[in-house]
Each structure stands twice: as structure tokens, then as C-alpha cells.
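Hi,

Here is the structure I promised to pass on. Please open it and keep it in view while you read my notes.

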Amino acid sequence: MLVDVSERFMSSSTEELDRDIRWVLAYIGDAYGIDRISVLSFNSTENLVRRVYQWPPNNGAPTTLFVNAASAPWTFSSIYAGKGFHFSTIADIPAEAKADKRFFKKMGIRSTYNVPVFVANSVAASVSFSMLTCQRTWAEQDRRELGIFVRVVGTAWQKAKNQQQLELRDQDLLRSQRVASLGSFSETALPGQSLIDCFGTVRYSPEACAIFQIRPGTETVERALERIHPDDKKLVLDRARAAFEGGASNLIEYRLVMPDKRQIYVEQRGEVEFDVDGKATRWFGTVQDITERVTARKTLEDALAEIEKLRDQLRDENRYLKSEIKTAQSANNIVGNNPRFVRALVAARNVSATDVTVLILGETGTGKELIAREIHAHSLQRDALMVSVNCAALSTELIESELFGHEAGAFTGAFKLRRGRFELAHNGTLFLDEVGDLSLDVQAKILRALQTGEFERLGGAATMKVDVRVIAATNRDLRAMVLNGQFRADLYYRINSFPIEIPALRDRRDDIPLLARYFVERHAQGLGKRIETISEAMLKRMRRKNWAGNVRELESYIQRALISTAGSALDYSDDDELTSPREAFVPPRGIRPVADLDSVQQDHIRHVLDQCDWVIGGQQGAAQILGVPASTLRSRMKRLGIARPH
């Protein structure tokens, strides 16, 4: 809706604004089920309030209505103070505001939400959303969203109002020129001299003297030129010379610098008179202070730029949310009654309402991201996005662009601007998964973003400012990495403000039956199975298993069991899977391999990687299980052509 409304106003001409404001009010009213929307214009020094827009129209009656502010003093004093207000029933209005209660009863309003409209830091109008047929509780989300629309509508309304004021000013200016030459100037050449080279007699009206701050009786062209901003002086003189030489009328906007260093904007309209020989003899015209108009125009341009920024941000957020739907849906429930696991869950919920940085520790597959989502769901940032980044899944070259974004042309293939995860998570939560896999260079940039909330996009010079709550997770021993110089100590102490350790599945074996039943219920229907029971024998076998991949491995095991089961009782047994990874790859005695050595290594490495969910480094990574450094394993995978299947 915000994109639709913004695009409507951005493409509106001045003549279409009034029509489009009415269209937007109807659009909002229908979408939010509001009985009446009114836009009120007022001046806090006056008692009369004018209604300039109303939806829906009142049975063909004129929209414009004047209301005496004294009839509802509490209401309009709140609006003048810029506070706004809302109530679900008239009984919610303070007891002392008896006149206001009578006012709303007379107007037939049962519930209302009123939002002030600010122009140049002062309240110039308000928008009232009212219910006439029933009472309504105004939810915080609805109030926040309606407030955004009020700002957009208010900006458009002010644009229409400014245009009307400009048209009235132009009419007044024409009248002033005809009647008394208000704000006018007249400069005549000396006899025998050219107007281009030398001005002779000069006359500025009192209003023009006030604009240039020149004392009447002492005005000269030189005095007026002294006031022109140095960066605009050449433009003004070039335009004047072109008018003198070509006879064209002169319309120019430029800046004046006042004696107190204050800058104002003026618009100057001029005409040149010529004698019978074609010589310029007189230059006359008007000058007008348009500072307020320029300020309003810049305010509108800034507002439209902000709308454009919001639209781009909404587009990026929607694109990210679509990619996260499956993850968010799969993290609906947290299952477990084990005391250690429950303590970790309680700690997560206790810290959620703070803005403290959290570090979640645990082996691969223990549910670290699930706990992070639980923290976000109960946090102050729960209405904003939680953006996840798997630091282990991206190369050093890509992780910086993923986190901080890049400008168009920052590197080969960067065809357009891209906002990073820090920007997407503004006012929300950023989850840095496997933070121990970050390079030292990227660690330094993340530390700065955490400490100051500032960073630059790749290839950009502008400093971005964000407010992000960070949750980090790792399956590595960061303290040992700090001692070995592999992880920055300052970043470690920054993210380790509140550590939460998630126990491995082998340390919470009492939760295995509960988790197994949960995964059966979750996957059975999708696989076309109807499972009523899990055999005790299978549960005992699962309790004995080492579960190097933890809950993630258990889920995969249950899926394979469901596929292999024909009846309604789940009873699956695979002796190879119920041994530890090291035991699983010891060949039976007396059997000689028929494959070559490379093939055996390929199968062996793939099997271990599958068990570890293709995690190479870390305490539970494939490299540790195989007993080789992570760099050696990566080199061997490259030589053998082993890549993670898609």
C-alpha cells in the first residue's frame, strides 16, 4: 500500500494532487475498515478549524466545514501540542474533558485515532480516523502504519497548499505591479551610455529595499550586487547581459547573503526596454522573497527521496523474506524437556527483552538458529526483521558484500546497488551464524559496526548508520582461537556479553523420544505415511547413538526411517548409522576393496561430510573426525572433485 500511495503522489501533477489525495483516503479507509477520514487544517492562534478533506463524502454535502475549537478544548489542545490521541470508547476521554465528550457524541463518533501533521516543525493540520458504526481498539501496528500514511498524505497536501499559495502570491504580485510597483526595480542608462556597461538612475521600491536590506535613498546596483551569493553572481550578470543583448525577458532564482550571514532565496523577473535604434535604455521588473517556497520544495523533495528509499527498502525486505519463509516456518517449535536445554531456553527468553549482544555456543545441528529466533521473537525488535548470515557458507571475498552491501560498479559483476544484511536488519536483529569462520579483516569491520553502528558499502564513500541488535553463534572454541590469534579479542569480548550454551543431543538423550515423535508428526504426512507408534527397540537404539550431527542428524534419520517403513509402526534399524562416524568406515575383516584408492577416499570423505552436514572445520567438523587439518581436507576435496550436492 505504501508503494502504491507513494507512486501515486510521485506521478501526480499539481492539478491532480487534490483528486489523488481523495483517492488515497478512500484507499486507506477501505483497506483498514475505517468509517470516516477527515483532514483538518488550522492555526493554533485561531479558534476556527477547517475541514479540507473528508472520506466518504457526506451525502453530497460540501466537504469544507468550520469547527469551533472551543467546543472540544482538550481535543484541540492535544493536536496543537503535536501529541495526537486515540480512544476506543468515549468513556476513555478524561473525566474533566466533558465538553469533548459532548462534541464526539454530537458528531456521532464512537472511536477515533487522530494524528497531527507537521510542516516546518510545527503542527499545521491533523488527520482523524473515526468509527461511527461500532467501537474499535486501535492496535499499535495499525496506529504505526496509519501514521506513515499520514506523513505521506500530509506532504502531498502541503505541496498542493504551497502551490495554491504561490498562485495567490503571483496574482498579488501582478496587482502590486499594476497598482504600486511593489517589490519592483527600475534601472535607466545614463545619457549617451550603454545599459550593458553602466547603470544610471536606479529606483528600488521600499519592498525591494527591504528584501535586499538596502536603506531607501542610498540604493545602487553595486549595493544590490554585494548581497548576491558569490556562487550565483556570475549567473545573474550573464542572464542580465543576455537580456540586454537579445531583448529576452529575464526570470532567475538566486541567493542573497544578508548582513547577519543568513541566506534567502529570491526570484527576479525583468524586462528590457529599447529605443528606436535598438539600444537598451531601461531595465525594470520585480523581485520576490521565495525562501519559504524553496524550503517547502526541498522539504517535499527530501520527503519523496525518503519515500523512494522506503520503497527500495520494502522491496529488499520482501525479497529477503521470501527467501526466509521456509526457515521461519520450520522454526515454529522448540522441543525438549532436558534440564540443561530448558536452562538455555530460559536464559534466551530472559535476555530477549534487552539489547545485549548474545553469543550462542553449541555443536553443529543443536538448534542455535532456533534459539536465536526465539530471542528475536520475544525482543523489542520483534516487529522488525531478523536477518541471518551463515558466515561459513560464504568466501572472504563475498562475505563483506553480503554484510555491508556494495555500490554499482564496486567490482566486476556489481551492476547495481545492493543493500547488505546490516541495512536490511536496521531496527531489527542480525544473526551471525558460525561467526568463528570470519576472516580477521571482516572481524574488524564488524566490530566497528557493532560499536558505532556505522559502516560503508563496498565501493562507496557515504557512511551508513544503522541500529541493529546482534546475535552470534558458533560451534568453535572462540577463546582458544583468540589465544591462537585467529579471532580478535576485542570482537570476542563484544559478542560474548551474554553466552548461552546449547547442549549436544548426546547430553540430552532423554529428549530423543520427544524429538523423534515431533519429527514423525512433522514429516509423515508429506511422505504419505501414517505412523501411530515408534517401537521401543528403535527408541533404545536411538538413545545409544552418538549423534555427531545432533538434532539435524536425528531429523534426517527419522526421514529415512519413514521412507523405509511400510506399516503404521515405525521400527527402523541401520547398524551402520547407529555407530560413530569413525566406526562406520572400518571395513569388515576378510573383505578386500575392489575400487582404487582415490575412489575409496572419495566415498569415505563424502560419507563423513554427509554425517557432519558438510561442515568442514570446528570441533564436530569433518576435518576433526578424519584427523586432518581443515586446509588439507579442502585441498583433497578439490583434487578428488568433491563438491556439496545442490
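Below is what was found, starting with how to read it.

This is a predicted model, where local features need pLDDT of at least 70, side-chain atom pairs count only at pLDDT 80 or more, and totals for chains, interfaces and linings use all residues. Residues are numbered from 1 along each chain as its sequence is written, and side-chain values use heavy atoms, without hydrogens and water.

**Cores**

Start with the largest nonpolar core, which has 35 residues. (A nonpolar core is a set of buried Ala, Val, Leu, Ile, Met, Phe, Trp, Tyr and Cys residues joined through side-chain atoms within 4.5 Å; buried means under 20% relative accessible area, exposed over 50%, partly exposed in between, with a 1.4 Å probe and protein chains only.) F9, I21 and F129 are among those with the most contacts inside it. Helix α5 gives the most, 8 residues. (Helices are DSSP runs of H or I, at least four residues, numbered from the N terminus.) Another core, of 33 residues, lies apart and includes A425 and L478.

**Helix α23**

Which residues of α23 (630-640) are buried? They are L633, M637 and L640. (The arc is that of the directions from the helix axis to the C-beta atoms.) The face turned away from the buried side carries exposed K638 and R639. Just after α23, G641 takes a positive phi of about 70°.

Best wishes

Key. Helices (H or I, at least four residues) and strands (E, at least two) are DSSP runs, numbered from the N terminus.
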